[in-house]
Amino acid sequence: MAVIDIHDVEKTYKGKIHALRGVSLEVHDGEIFGLLGPNGAGKSTLVKILMTVIHASKASGTFLGQPIGHRPTLRQVGYLPEHHRFPQYLTAIQVLQYYGALSKVPKAIRTKRAYELLERLGLTGWEKKRVSTFSKGMLQRLGIAIALINDPTIVVLDEPTDGVDPVGRREIRDLLAELKSEGKAVFLNSHLLSELEMVCDRVAIMVKGQMTMQGTIDELTRDSTRFEVHIVGQPPEWANEAFDDVRDSMLIKHGDNTEELQSLIDKLRRDNISIGAIEPKRESLEDLFMRAVDHIDNPGSVR
Amino acid sequence: MTFKALLIDAYRQLSAAKLFWLTLGLSILVVVTFGSMSFNEEGMTIFYGLGTIESDMIYEGSPWARGLYIGIFSNFLVTIWLSWIATVLALISTCTIFPEFVKSGAIELTLSKPISRVKLFLMKYAVSLLFVLLQVLVFCIGIFICVGLRIGEWNWAIFGAVPVVTVFYSYLFAVCVLVGMITRSGIASLLITGVFWMLLWTAQTAELALNRFSVDERVTIESFETSVLEQEAELETLRAKSPDDFRIEKRQERIDDMKEDIASAKDTFDKLMVWHEPVQIALIYLPKTGQTIGLLDRWLKDDSGFDIQAMMRGDMRSVEELEEFDNTTRFAREREASKRIHDDYSSRSLWYVVGTSLLFEGVILGLGAWFFCRRDF
């Protein structure tokens, strides 16, 4: 079941700046979904539209089965904004209590849950400290705790690992996996491609207010599967025809057809060409991302 | 649940602000100073009995002692301390509440909660009045105890200052919120609210002055016209009795002078009305800050006839003394004009004073809520 199923979302500021140009997106129940895109792509605008912080110029579809902007639905949604600012005069537990109350979580439940979440996010001992004394990483953890205080069906996290050290990042990744195992959907908005690659079931890439790619990482990178054959010495003449790309001593064959590759290797060996290594390769998320950006900048380029 | 959460948050925000405690400390100091005054059989004692001001009229148990003590509260402590100094401090403390509330990074999380924007805006506005509410409440508790201990009167009407000052403050705070919503700047909110308050004060003071002058002229016209009629009647009688009486000519001269004065007063009155009427109409649609605070004076009205403002002007005279005056004398006319103005303001209904002011506040808040609901954050 799709927890987010939106179509043709558009946002135009003051009738001139097109932040979103007909974005469509689908996030399934219990999956970790990553939204990628360079700065100014419109990722945060899209998230803010879902969270009713920004009004869409045009939008159709559903969010947890309800039209976008349906406020009672937000009871089931957890959200961590990108550049959050929590009230500096509150302690960690008070912040959680406050946002829990705004999410209409009964007091007894939110108090119990607040302590559990602080422990889960490694903030034990900081419950009664003012958030003004927290480091960036600690604030990020607290923000995730706030997003979870209402035990949401879907958690929308905008740059959750921003300012978090490598150990903290790993802990957050583990937490995301736990949330998934609990059946929650996670919507991640991040610049950190390697982070997303590690945790996301599906990703979408947005560039200049448009959705350029959407699917599982496997689906999106399947076309980029190739074998790189490293030889010793110069490649033979026929290699230019038989391989898809020849770069000095590296011969590249696209696709995952091992039989065809096997015959080419046999041919190389018959020509007494030494083979140093054979590497199966697949495009990384970063490569995919760069390709998507390049495609929008140069529409004629290979997709 | 949401309102309670916002209320608790507002209290925490205030209690974290130094200015809140400073204002509260100053309020307590004012109460302590007020409580340092007392009365004994000889007169009034000051600084907790360190000195005594002897008086035949103001002493322990006298109605004038009561009038003075309550009068100091309603005329000075409320009018000067709560309505001016504490209000300025409150505006400085609270002018950043809405700009901070809608600041990028803070508002996103709040708006993502299942509360409608209008409700959120209005609830935030209501809880933001907590600063003044708490300050005035603490102040009134102190005054209530002082009045009870010093003159033996446990006057619950003193707590009327809590809604009166809060409502008065809310007129200004609504403007502060609207400006804060548009500019997202605490400084701009404070400055523009300050300018608005000063303009309002100027308009109200101008209306008071114009009203005073026009009532003065009206009283002059009426008292002189009555006097002219009386004197003309007397003159007729005199002429009938003794046509050659030497007083006839002087009496006629006096009547003619009065007629000239009446004509001059009518002319001045007409000129004043050209200005007074538009100002008066404009003020109907604006918050009545002075009259709102004046409500407290009505509720604390003193049966002793003691008027602290009259005392400050040096107008304290006995009723017998006052009745001796001819109603065409300057003093009698001024007294009549003062009485009419006082009666006029006192007769203005709560609906007129507070209702129309709250209508203005409602319009301003409506605009603020409209901005808040439409804006993308």
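Predicted model: local features only at pLDDT ≥ 70, side-chain atom pairs only at ≥ 80, totals over all residues.
Chain A brings 32 residues to the contact and chain B brings 28. Together the two chains bury about 2,700 Å², with 57% of that area on carbon and sulfur atoms. B:Leu109, B:Lys113 and B:Pro114 account for 24% of the area that chain B buries against chain A, more than any other three residues.

Between chain B and chain A there are 16 residue pairs in polar contact, both residues at pLDDT 80 or more. On the side of chain B that touches chain A, the elements giving two or more residues are α1 (2–15), α5 (107–111) and α15 (350–374) of chain B. Of these, α1(B) gives the most, with six residues. That side of chain B divides into 11 nonpolar, seven polar and 10 charged residues.

The structure holds 31 salt bridges over all chains, and three salt bridges are counted between chain B and chain A. The table lists some of the pairs.

| Salt bridge | Closest N and O atoms |
|---|---|
| A:Lys11 – B:Asp376 | 2.5 Å |
| A:Arg85 – B:Glu100 | 3.1 Å |
| A:Lys136 – A:Asp162 | 3.8 Å |

A:Lys11 lies in strand β1 (residues 2–13) of chain A and B:Asp376 in the segment after α15 of chain B, so this pair joins two chains. A:Lys11 is buried at 6% relative accessible area, whereas B:Asp376 is partly exposed at 22%.

A:Lys136, in helix α4 (residues 136–148) of chain A, pairs with A:Asp162 in the loop between β7 (154–158) and α5 (166–181) of chain A, so the bridge ties together parts that are 26 residues apart in sequence. A:Lys136 is partly exposed at 41% relative accessibility, and A:Asp162 is partly exposed at 31%.

In chain B, B:Arg348 is buried at 12% relative accessible area, while B:Asp344 is partly exposed at 29%. Salt bridges with shared partners join A:Arg85, B:Glu100 and B:Lys103 into one network.

Conventions
Residues numbered from 1 in each chain as written. Chains lettered and ligands numbered in written order. Heavy atoms only, no water. Contact = heavy atoms within 4.5 Å. Buried area = accessible area lost by both parts, 1.4 Å probe. Salt bridge = Lys/Arg side-chain N within 4 Å of Asp/Glu carboxyl O. Polar contact = N/O pair within 3.5 Å; in protein donor to acceptor, adjacent residues only side chain to side chain. Helix = DSSP H or I, 4+ residues; strand = E, 2+ residues; numbered from the N terminus. Nonpolar A, V, L, I, M, F, W, Y, C, P; charged D, E, K, R; others polar. Buried < 20%, exposed > 50% of the residue type's maximum accessible area, 1.4 Å probe, protein only.
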